[in-house]
Every structure is written in structure tokens, then in C-alpha cells.
Amino acid sequence: MTATLDSPTVPGARDGVASPAGAAALRPEQWRPLADAHAERADALTAVWREARAAGRKHAIEDFLFTYYPTRLTHLRRWHPGAGVTLLLPDGGGATAEDTTPDPEDRRTWRWHATTRSEAGDARTRDTVTLDTVTLDTVTLDLDAYLADRGDTVRYVRELLSATASRPGTFGCFGLHEWAMVYRDREAGRDQRHPLPLRLGHAGTDSVVEANPVRCSHFDAFRFFTPEATGRNQLQPTRAAQVGMEQPGCLHANMDLYKWCLKLGPAVPGDLVLDAFELARDIRWTDMAASPYDVSAYGVDAVEIETPQGKAEYVRRQREYAQRSNALRYRLIEVCDAVLGTAPGVPPRTTSAATTSATQPSTVTVQNGTGS
């Protein structure tokens, strides 16, 4: 059987690879370097946390990325091409000597993945016009199986992300959510959340909370407020109201982009997962620098939000994170749209102002008032 060496018509297709259902098809020599580079980047991003763990030390800043967002390092290092991309497997009758090395991770066994057979031109004769064809095993995300289990999650994530992206960023919380989580702990006889000294002491911390308006819009921060602090919050966020309250100025909403990548799993391309993890890691360091805790032992200068200079620095960083987060937010929305658009019988998306996204990230504007 022969095949003509034509120019590829889809990204990643070359050397006569047939592209099932019009999807991009990647040979092992194309995608394995991507998977290796992904693992190397994951190792670089987690170097500080891994060093602490290897030494048996807790890391008050970066442990959060592996406890609040429960994931394993092995999973973070695992590269996915995203929905609609077919991978030719190196141990399925590969067309080159390099291709015959078995895949160290058997993708055939991964949840929601389907293995098929595909014809490909023999790369050993790629310099000729007519190629002998070989049959290779291929693997791709089975969207029917994936949506049967994760369809509701995909729809919810899309609704939440598009609603968040449609709003201007609001600022003015100054990271007081962390202070509200330890408010009056001493007098109530409670242990504080982190085993770190308070930079201003207990009385000084309580005074900062009492001297500043608390404006937290993020439920998953608000639910950790001390009982004495909840009534001081100008907003009373709930889980049910989350879609209507999230906004791109909120540090925790922006860290949660990593959570939504994890929820969407193999539908999200690996580079997007690591971009979201990197953003969450960067925000976490600011979150703790602006907190009541003394994190100088980690080489971090405090963002002293009890001062005008500290407030200004906090807002500067918030705005930067808001811009970065919305860029990732729109990429995740595109992932949701790509998955839902291929599913038979998918309900139409809502077109309300709260859930309709633009095609490009908008500039985040500043509004004084609510925010987190």
C-alpha cells in the first residue's frame, strides 16, 4: 500500500500521517520532546518546594500549592496535548528506530483515552515521493467518555470563567483576607493557621483588621475567616453566589485558575497547566508577603499593607496578576468551548452578559470598592 507525500494540512501532521477526524497528529519524535520539556519545566517551577520536602521541612508558602490544590508532582509533570490532538505511540510499530522505544508512561491505560490504528508513511523513506505505509497505534482523548463524566464540570467552569472575565477588576481589599483568618485568635484561645510569628503581634494584627474595611468577594477565602471577622466583611460571599461575585482583581480567584486546569484534566494542554501553576505560585508568594505573618525567614520582604506605601504596592501587583490571569482565563474558556463544541447534544451556552466572553482579553480596569 502506498501514500503520496503531501504537505500537511493540520498542525503537527507531517510525513504522510493520516489525521483521524481532522485532528492534529503528532509523531513520537514531535511530541516526546514536548513531554520531556514539560517535565523539566515542572521540575524547575517546583524546585523550592521539592528541596524543602526532601529535607523533611514544611514550606509555609509553597506547601499550599500541593495541599489546598491537591495534586501529585508526577501528575504535574505529565504532559497532555489537549483535546483533539492524536499522538502516535512509539511502541506501536514506529516508523523510525527512535520511535520503537517504548513510552515510559502507557497512555493507552489513561482514563478517558482511546487507542486506535492509523496509517503513516514510513519515515525511513521520507526522501522519496511515494512512501510505504505502516500501521501505528494512536491515542487521543475520548471526548464522549470524558464528557459523560466531566460534562457538568466543563460547563460550570466555562460559566464561572467567562463571568469573571466579563467584569472589571476591583481593588481595595489589600489582602486583608489573610488577616481576617487570624483575627482575635489569641483572645479566643485558637491556634493560628500557620506556625509562623505574626509580624505585628496579635494585638497589632487585630488593630489592622479593625482600622481597615474588609472587602473579600471570594468564598473560598471568606470561609476561613474567624467567627469574629465574618461580620466585618462588607460582602457575604457564598458558594451559590460564586459565579456572580468572582472578579479578576481577586488574588485567590486568579490562583484558582490552576484548580480549574486540574478539574478539566487531560483536556487542558500541558503548557497552559504550567502557566496557571506558575501564576498561582507567584501570587502565593505575594499573598503571604502581604499577610500578617513574618515570612522574612523565606527571604521575602513584607508588603506592609497597613501603610499607604504597602497598599500601593499590593494594588500594583494585583493589577499585574489580573492581566496575567485574564489571558489564561480566556485560554481556558477556549478549551471548554473546544470540548463542548464537539459533543453531540451539548446544550447551548448562555448568552447573558454575565457569562458571555469576548474573543480577546480586555484591559482590567480599576474600581474602588469590593474586591478580594
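**Salt bridges, nonpolar cores and loop residues**

In the structure described here, Asp 337 is partly exposed, with a relative accessible area of 22%, where buried denotes a relative accessible area under 20%, exposed one over 50%, and partly exposed the range in between, computed with a 1.4 Å probe on protein chains only. The model is predicted, so that local features require a pLDDT of at least 70 and side-chain atom pairs are counted only at pLDDT 80 or more, whereas totals for chains, interfaces and linings use all residues. Residues are numbered from 1 along each chain as its sequence is written, and side-chain values rest on heavy atoms, with hydrogens and water left out.

Asp 337 forms a salt bridge with Arg 158, the closest N and O atoms being 2.5 Å apart, a salt bridge being a side-chain nitrogen of Lys or Arg within 4 Å of a carboxyl oxygen of Asp or Glu. In contrast to the partly exposed Asp 337, Arg 158 is buried, with a relative accessible area of 7%.

A search of the whole structure finds 25 salt bridges. Within helix H5 (residues 143–165), Arg 155 and Asp 152 are three residues apart and therefore separated by about one helical turn, and their side chains meet in a salt bridge at 3.4 Å, N to O. Here Asp 152 is exposed, at 62% relative accessible area, while Arg 155 is partly exposed, at 29%. In helix H14, Glu 320 and Arg 316 lie four residues apart, about one turn of the helix, and form a salt bridge in which the closest N and O atoms are 3.9 Å apart. Glu 320 is partly exposed, with a relative accessible area of 36%, as is Arg 316, with 45%. Salt bridges with shared partners also join Arg 41, Asp 271, Asp 275, Glu 278 and Arg 331 into one network.

The largest nonpolar core has 77 residues, and Tyr 146, Ile 305 and Leu 332 are those with the most contacts inside it; such a core is a set of buried Ala, Val, Leu, Ile, Met, Phe, Trp, Tyr and Cys residues joined through side-chain atoms within 4.5 Å. Its largest share, eleven residues, comes from helix H14 (residues 308–341). Another core, of nine residues, lies apart from it and has among its members Trp 79, Val 85, Leu 87 and Leu 89.

Among the loop residues, His 59 lies between helix H2 (47–54) and helix H3 (64–67) and is buried, with a relative accessible area of 6%. Leaving aside neighbours within four places in sequence, His 59 is in contact (heavy atoms within 4.5 Å) with Val 48, Ala 52, Trp 285 and Tyr 298. A polar atom of the His 59 side chain lies 3.0 Å from the backbone nitrogen of Glu 62.

Most residues other than glycine have a negative phi. Phe 174, although not a glycine, has a positive phi of about 55°; this residue is found in the loop between strand E6 (170–171) and helix H6 (176–180) and is buried, at 18% relative accessible area. Arg 184, also not a glycine, has a positive phi of about 60°, lies in the loop between H6 and helix H7 (185–188), and is partly exposed, at 28%.

Definitions and conventions. Helix = DSSP H or I, 4+ residues; strand = E, 2+ residues; numbered from the N terminus. Polar contact = N/O pair within 3.5 Å; in protein donor to acceptor, adjacent residues only side chain to side chain.
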